[in-house]
Amino acid sequence: MKTIAITGATGLIGKNIIKRLASDNKIIALVRSVAKGKQIFENRKNISFHNWNTEVSPEETAEIINGCEVVINLAGPSVGGERWNDEVKADLFNSRVFTTKNIVKSMQLTGSNTMKLISPSGVGYYGFHKDEILIETDPSGADFLAKLCKNWEAQALKAREFGAKVCIVRTGIVLDKNEGALTKMITPFKLFSGGWQASGKQYLSWIHINDIADLFIFLINNDIEGIFNGCTSDPRTNKEFNKAIGKAMHRPCLFPVPAFVLKAVLGEFADNVINGQRVVPQNTLNAGYQFQFNSLEHALNSLNI
């Protein structure tokens, strides 16, 4: 039995990790609302809840996580949750970079040099490379999201300075039918108006919700560290991806959304939708993780969208 602290415990990835771990491990869930946490996890044993947000000091956080073997830092709002402007971009930066800095400081303050930090990042790290295949050793890009991911990872990696092991998971689009990006993508198909975005030639790198949760658990249970792409070996073009959604839902895929419309709705974030990344999980596979869902069609059908 391990003692594992998780920020962002009630988010999409966090709650799926906890539901897999809670029966055999002690979970310290750092949440904005203890009441919500208890409701989600139905008062399961082995989970203790602590009111926590990004404003909590490193000293206070250190008291909460003292004695943990693993810290998973999933705090932060969705990158594509709302139209980007300067305020939203600042919040995205602060909620990831500064929060990770404080988590690492908290780990250091516990005095332990045997902890492991598992910190997410995104495939946006790589920037825009058209159809070039990207792996974990490729350099970061120059756009806002790439710089955000680079700074985010840099703060996490500082935990190595006091002996902690660090795993970075660069996550692609997480496929879940109830939360996240896929819910937005399937809505037009429900209205028989589904289609692809912009040219449709840009790549989407994705992962099933079960696989991303299991990948984090794989990193918890194995004595490894490093950078791992949290996406499958089956990246698809935007057009292929949306056609697969249409097929899974028995709906047509006919109406492309022009780039200028995406920019009007999403702001600067539209550049990431219009360009995308073709990422594969070389380090992840080399480490021994085996995907349950490495085919997009299999993943979508399993979700019963």
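Predicted model: local features only at pLDDT ≥ 70, side-chain atom pairs only at ≥ 80, totals over all residues.

Me: Okay. Which strand does Ser-119 lie in?
Reply: Ser-119 lies in strand β5, which covers residues 116-122.

Me: Is Ser-119 buried or exposed?
Reply: Buried. Its relative accessible area is 0%, and the cut-off for buried is under 20%.

Me: What does Ser-119 touch, leaving out residues up to four places away in sequence?
Reply: The contacts of Ser-119 are Asn-73, Thr-100, Trp-152, Ala-156, Cys-167, Ile-168 and Val-169.

Me: How does β1 run against β2, parallel or antiparallel?
Reply: Parallel. Strand β1 (residues 3-7) is joined to β2 by five bridges. Ala-5 stands opposite Ile-28 in β2.

Me: What about β2 and β3, in which sense do they pair?
Reply: Also parallel: β2 and strand β3 (residues 47-51) pair over five bridges. Ile-28 turns up again, standing opposite Ser-48 in β3.

Me: Which handedness for the β1, α1, β2 unit, right or left?
Reply: Right-handed. β1, helix α1 (residues 12-21) and β2 make a β-α-β unit of that hand. A right-handed β-α-β unit is also made by β2, helix α2 (residues 34-40) and β3.

Me: New topic, aromatics. How many aromatic pairs does the structure hold?
Reply: Seven aromatic pairs. Take Trp-84 and Phe-144. Their ring centres are 5.2 Å apart and their planes stand at 80°, so this pair is edge-to-face.

Me: Where do Trp-84 and Phe-144 lie?
Reply: Trp-84 lies in the loop between β4 (70-73) and α4 (86-109), and Phe-144 in helix α5 (residues 144-157). The pair therefore ties together parts that are 60 residues apart in sequence. Trp-84 and Phe-144 are both buried.

Me: And the rings of Trp-84 and Phe-269, stacked, tilted or edge-to-face?
Reply: Tilted. The ring centres of Trp-84 and Phe-269 are 5.1 Å apart, with the planes at 50°. Phe-269 lies in the loop between α9 (259-266) and α10 (270-275), so its pair with Trp-84 ties together parts that are 185 residues apart in sequence. Phe-269 is buried, as is Trp-84.

Me: Which residues make up that cluster?
Reply: Trp-84, Phe-144 and Phe-269 form one aromatic cluster.

Me: On to charges. How many salt bridges?
Reply: The count is eight. One of them joins the side chains of Glu-179 and Lys-15, at 2.3 Å from N to O.

Me: Where do Glu-179 and Lys-15 lie?
Reply: Lys-15 is in helix α1, and Glu-179 is in the loop between β8 (173-175) and α6 (181-190). They are 164 residues apart in sequence, so the pair ties those parts together.

Me: Are they buried or partly exposed?
Reply: One of each. Lys-15 counts as buried, at 16% relative accessibility, while Glu-179 counts as partly exposed, at 26%.

Me: Which residues does Arg-236 link up with in the salt-bridge network?
Reply: Asp-234 and Glu-297 are linked with Arg-236 in a network of salt bridges. For Arg-236 and Asp-234, the N to O distance is 2.9 Å. For Arg-236 and Glu-297, it is 2.7 Å.

Me: What does the bridge from Arg-236 to Glu-297 tie together?
Reply: Arg-236 lies in strand β12 (residues 236-237) and Glu-297 in helix α12 (residues 296-303), so their pair ties together parts that are 61 residues apart in sequence.

Me: Last one. Is Glu-297 buried or partly exposed?
Reply: Partly exposed, at 31% relative accessibility for Glu-297. Arg-236 counts as buried, at 15%, and Asp-234 is buried as well.

How values were computed: Residues numbered from 1 in each chain as written. Heavy atoms only, no water. Phe/Tyr/Trp six-rings, centres within 6.5 Å; stacked < 30°, edge-to-face > 60°. Helix = DSSP H or I, 4+ residues; strand = E, 2+ residues; numbered from the N terminus. Buried < 20%, exposed > 50% of the residue type's maximum accessible area, 1.4 Å probe, protein only. Contact = heavy atoms within 4.5 Å. Pairing = 2+ DSSP bridges. Right-handed = clockwise from strand over helix to strand, strands pointing away. Salt bridge = Lys/Arg side-chain N within 4 Å of Asp/Glu carboxyl O.
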